[in-house]
Structure formats: C-alpha cells, structure tokens
Amino acid sequence: VADFYQSVLKDERINQYYIDNVSDIAGLHTTLTQFLSFVLGGPNLYTGRNLVEIHKNMPIHARTTSTT
C-alpha cells in the first residue's frame, strides 16, 4: 500500500487530485490496508464506507489507457 501511494503521488496524471483533496494520507493508507486485507481473505474486517459511496463525488471517468 505504501508503494502504491508513492506511485500515485509521482504520477502526474492523478497526483494533483490527492494533493488537493487528501489531508490525511496516513489515514487513507490505513483504510486501504484494511480494505485489501478484508477482500483478500485476511483477518481484518473492513468497516469503512462502500466503494460506490467513497468514489461517487470524485472526478473519475472511464477511459482506455495504455501503460506501454
């Protein structure tokens, strides 16, 4: 999760959203760690908001991209 957020903050296509809108990156790191542990069958129980609710006001748009 730490590596993921380091990559996000280095990615010019998406980092500005996090810079402008995330005041607690450590809290976000904890939440994502708990969520991934839960969905991957780990011992943690995720008690956060559902993914639709979390992302509904974010400027996320479907788009085809190439990673090459």
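In the predicted model, S37 is buried, because its relative accessibility of 16% falls under the 20% limit for that class. S37 is located in helix 3. When neighbours within four places in sequence are left aside, the residues in contact with S37 are G42, P43 and N44.

F38 also belongs to helix 3, which spans residues 25-39. F38 takes part in a nonpolar surface patch together with V1, L36, V39, L40 and L45. The accessible area of these residues together is about 580 Å².

With regard to charged side chains, one salt bridge was found in a search of the whole structure. This salt bridge joins the side chains of R13 and D11, with an N to O distance of 2.7 Å; the criterion for such a pair is a separation within 4 Å. The two partners fall into separate accessibility classes: R13 counts as exposed because its relative accessibility is 60%, whereas D11 is buried, with a relative accessible area of 19%. The limits applied here are over 50% for exposed residues and under 20% for buried residues.

Methods. Residues numbered from 1 in each chain as written. Predicted model: local features only at pLDDT ≥ 70, side-chain atom pairs only at ≥ 80, totals over all residues. Heavy atoms only, no water. Patch = residues over 30% accessible without salt bridge, like charges linked within 9 Å, V, L, I, M, F, W, Y side chains within 5 Å. Areas by Shrake-Rupley, 256 points an atom, 1.4 Å probe, with all protein chains shown as cover. Helix = DSSP H or I, 4+ residues; strand = E, 2+ residues; numbered from the N terminus. Buried < 20%, exposed > 50% of the residue type's maximum accessible area, 1.4 Å probe, protein only. Contact = heavy atoms within 4.5 Å.
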